[in-house]
Amino acid sequence: MSRSLLLSPFEAKVNKNKSRTAKAGAIITLSLFVVLFTFPMIFTVANSFMSNAEISESYPSNANLSDEQPSLANAYMRFKLIPEEVTLRQYYTVLVLNTQYLVMFWNSIKIVVPIVLGQLLVSCMAAYGFSILKSKWSDYLFFLYIIIMLMPFQVTLVPNYIVASKMGLIGSHLSIVLPGVFNTFGVFLLRQYMTGIHGAYIEAARMDGANHWQVFRHVIIPMSKTGIAALAILTFIDNWNMVEQPLIFIKEAIKQPLSIYLATLTDKARGIAFAASVFYMLPMLLSFMYWEDYLVEGIQLSGIKA
């Protein structure tokens with residue numbers, strides 16, 4: 001007989017109340033975390049519909065204060081989520097009047113898309129070699145991949161700059177694209193994923209006369225599409241937010257990506273910064289919302305723990 005049947009009505013009620021309390025506590029805690037992590041995004045969207053005057057009044061900067069008002073120099077900002085007057089002026093300025101934003105937006109696209117496509121191609125083939133075409137040196141070479149992956153970004157930045165300089169790529173988008181294409185994380189992720197594919201599928205394909213290319217194309221790639229989608233999302237988000245590489249490899253402002261443009265906005269352009277930030281977030285939010293299931297499943301099946 002189960003223990004629940006031996007409990008008195010009073011004990012059963014106490015346990016039920018404890019369960020409800022624990023559930024309510026978990027919901028409240030998770031809700032607080034949701035509010036905490038989504039507040040910057042909500043704050044940015046709400047302030048993007050404010051006028052320049054309202055933004056300057058709500059968020060004063062020391063640069064805008066006159067010498068006659070030194071007492072306001074340490075004034076606190078007033079966070080506002082509801083504009084007094086809704087306006088689309090900031091969006092009109094960013095999309096129509098300020099062409100630099102659109103130019104840098106397309107610079108980001110021209111940098112990130114080739115990196116994502118190139119890394120998917122290289123990572124898929126390298127992961128196939130490590131997981132399926134094993135040799136006596138494959139484990140040692142993969143261990144070297146892991147060591148490189150664990151290195152801080154600043155360690156590999158200098159060698160990348162030297163190689164790009166020797167190849168005459170400094171100042172071009174290729175100086176950023178080529179190192180991004182051969183990033184080691186993609187190989188690690190897909191190798192972990194492909195290792196979990198049962199060997200019976202590969203043996204069945206080989207018994208039907210399939211060569212390595214056919215096994216790779218018709219068996220491994222279709223069965224790894226979840227991991228490939230997860231890698232595509234992670235690679236896109238990581239490179240969409242890059243700052244250090246463009247600052248070092250590209251000196252011309254007209255060639256730099258959107259992430260650099262947002263970092264150079266001054267206090268006098270706060271309204272534009274809010275509107276530009278909203279458009280900057282959209283590609284990442286849309287990709288995550290659309291591919292969320294693939295991302296979660298791909299990371300779970302690859303064996304990587306968060």
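Leaving aside neighbours within four places in sequence, which residues is Y128 in contact with? In the predicted model, Y128 is in contact with L133, M194, H212, V215, F216 and I220 once those sequence neighbours are set aside. Two of these partners, V215 and I220, are listed together with Y128, L190 and Y261 as the members of the largest nonpolar core that touch the most other members, in a core that comprises 37 residues. At least two residues of this core are supplied by each of the helices α4 (89-97), α5 (99-131), α9 (184-195), α10 (199-207), α11 (212-223), α12 (225-240), α14 (258-263) and α15 (270-302), and it is α5 that gives the most, with 8 residues. Apart from this core lies another, of 11 residues, which includes L157, V177, M242 and I250.

The protein as a whole has a secondary structure of 15 helices and 0 strands. Of its 306 residues, 35% count as buried, and the accessible surface comes to about 19,300 Å², 66% of which belongs to carbon and sulfur atoms. Among contacts between residues at least 6 apart in sequence, 79% join residues that are at least 24 apart.

On the surface, a nonpolar patch is formed by L141, F143, L144, I147, I148, M151 and V155, which together have about 600 Å² of accessible area. Helix α6 (residues 138-150) provides the largest share of this patch, 5 residues. I147, which is found in helix α6, counts as partly exposed because its relative accessibility is 36%, a value that falls between the limits of 20% for buried and 50% for exposed residues.

Helix α7 (residues 153-166) consists of 14 residues and reaches 20 Å from its first C-alpha to its last, close to the 20 Å expected at 1.5 Å a residue. Just after α7, a positive phi of about 70 degrees is taken by G168.

F185, which is found in helix α9, has a relative accessible area of 28% and is therefore partly exposed. Although F185 and L150 are 35 residues apart in sequence, their C-alpha atoms are 9.2 Å apart in space. With neighbours within four places in sequence again left aside, the contacts of F185 are with M149, L231 and L234.

Definitions and conventions. Residues are numbered from 1 along each chain as its sequence is written. This is a predicted model: local features need pLDDT of at least 70, side-chain atom pairs count only at pLDDT 80 or more; totals for chains, interfaces and linings use all residues. Side-chain values use heavy atoms; hydrogens and water are left out. Patches are made of residues with over 30% relative accessible area and no salt bridge: like charges are joined within 9 Å, nonpolar side chains (Val, Leu, Ile, Met, Phe, Trp, Tyr) within 5 Å. Accessible areas come from the Shrake-Rupley method with a 1.4 Å probe; for residues, only the protein chains shown count as cover. A salt bridge is a side-chain nitrogen of Lys or Arg within 4 Å of a carboxyl oxygen of Asp or Glu. Helices (H or I, at least four residues) and strands (E, at least two) are DSSP runs, numbered from the N terminus. Buried means under 20% relative accessible area, exposed over 50%, partly exposed in between (1.4 Å probe, protein chains only). Contact means heavy atoms within 4.5 Å. The expected span of a helix is 1.5 Å times one less than its number of residues. A nonpolar core is a set of buried Ala, Val, Leu, Ile, Met, Phe, Trp, Tyr and Cys residues joined through side-chain atoms within 4.5 Å.
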